[in-house]
Amino acid sequence: MSRAVDAGLWFNDGNIVLVAEDTPFKVYGGLLSQKSEVFRDILAIPQPATPDEAELMDGIHIIHVSDTWRDLSHVLHAIYHGFRVFAVDQHLSFLAVSALLRLGQKYEIPELKEAATSLLKSCFPERLADFKYDTKLQDDPPYYRYIIFDPPLIRMRLEDLPGVINLARAYGLPSLLPSAFYLCSLLEVKHLMNGTRDHDGNKIFLPKKDIIRCVNGRATLVMKEIIELPRISLRVADGCESEACNVADMFQPTDNDWSTLVKYAGTCFQDLSWLKAHFESEDCLQCRTNMEEELNAFRVRLWSTLGGIFLLDDDDDGDEEDLSLMDD
Ligand SMILES: [Zn+2]
């Protein structure tokens with residue numbers, strides 16, 4: 001056994017030893033059997049009368065599982081230390097949530113699967129009003145961009161987003177896809193094409209069709225924002241009689257306005273502080289209120305069409321030739 005034992009998952013009076021990769025976990029079989037029908041069946045298999053010496057640890061017959069030690073440790077922590085893992089102030093990493101969903105399904109542990117699903121649905125909601133996030137660049141190399149959800153239920157990096165899309169597809173969670181594609185489209189194309197790495201350094205790839213969805217969807221979003229946002233931010237409210245507002249020249253966007261717009265285009269579900277600062281400089285309350293209402297209406301419209309922008313309803317079959325150019 002090469003890896004150091006996780007003291008939190010090594011109970012001296014435990015009665016089973018699970019080994020994932022090279023890592024042993026000494027835990028209580030009774031609790032595991034109660035939580036998981038699959039483990040109940042595994043643990044019910046009678047042990048050989050003359051066990052191989054090499055397969056014993058602390059005098060207990062070893063049970064090998066095919067999971068990674070990291071995945072198994074997330075699940076065992078959730079089972080044996082759930083009060084801590086699911087505490088309000090604990091923010092699970094995306095890898096932990098992913099492990100709970102995948103192994104929760106595999107070992108038939110509905111509580112873990114439901115917990116993971118619920119966390120993902122909170123971060124990738126159906127309603128725009130529930131979608132609250134910001135991004136933050138890590139100060140030190142390798143300069144990951146973190147997605148900061150509000151509340152911060154899952155710790156996630158931009159590089160994790162392809163993994164969210166793959167999970168949503170594999171585990172029948174289509175409601176996650178519009179917002180997951182939106183965030184994933186913020187990745188640079190080279191990261192989409194070459195794959196990203198999860199926190200353990202394993203490569204994550206999107207299927208080519210989903211890479212195309214990200215790239216095309218991003219282009220559409222940017223275009224829509226570049227067309228719509230100046231119109232909204234320059235608009236004079238119906239009925240505004242302010243002379244200043246109605247002098248058209250006053251509303252010509254400067255070069256600086258345009259470069260700000262282009263810089264931030266495609267991120268209009270974020271906090272939009274740059275655009276709000278523009279509104280706040282507007283003296284006329286009537287026009288300012290009007291702009292804010294128009295902006296909110298635009299975001300709601302855009303949100304409701306995300307599925308179309310990322311072609312999520314398109315049938316996957318029949319356009320293989322379109323992808324042949326991307327084969328290397
Ligand atoms: Zn006005």
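In this predicted model, Leu100 touches His74, Val75, Ala78, Leu112, Ala115 and Ala116, leaving aside residues up to four places away in sequence. Leu100 also belongs to the largest nonpolar core, which has 54 residues. Together with Val97 and Ala180, Leu100 is among the residues with the most contacts inside this core. Helix H5, spanning residues 94-106, gives the most to the core. Its contribution is eight residues. Both domain 1 (1-87) and domain 2 (91-206) give residues to the core, so the core lies between the two domains.

Helix H7 covers residues 161-170. Buried residues in H7 are Leu161, Pro162, Gly163, Val164, Ile165 and Leu167. The buried residues of H7 pack against several elements. Three of these are helices: H5, H8 (177-184) and H10 (208-233). The others are strands E9 (196-197) and E10 (203-204). Just after H7 comes Gly172, with a positive phi of about 60 degrees.

The model also contains an open sheet of four strands. The strand order is E5-E8-E7-E6, and the pairing is mixed. Strands E5 (92-93) and E6 (133-137) stand at the edges. Each has a single partner strand, so one side of each is left without a neighbour in the sheet. E6 pairs with strand E7 (residues 145-149) in the antiparallel sense. Five bridges make up this pairing. Lys136 stands opposite Tyr146 in E7.

Note on methods:
Residues are numbered from 1 along each chain as its sequence is written. This is a predicted model: local features need pLDDT of at least 70, side-chain atom pairs count only at pLDDT 80 or more; totals for chains, interfaces and linings use all residues. A nonpolar core is a set of buried Ala, Val, Leu, Ile, Met, Phe, Trp, Tyr and Cys residues joined through C-beta atoms within 7 Å. A residue is buried if 20 or more other C-beta atoms lie within 10 Å of its own, exposed if 12 or fewer, and partly exposed in between; C-beta atoms are placed from the backbone. Helices (H or I, at least four residues) and strands (E, at least two) are DSSP runs, numbered from the N terminus. Domain bounds come from an automatic or database domain assignment. Two residues are in contact if their C-beta atoms, placed from the backbone, lie within 7 Å. Two strands pair if DSSP finds at least two bridges between them.
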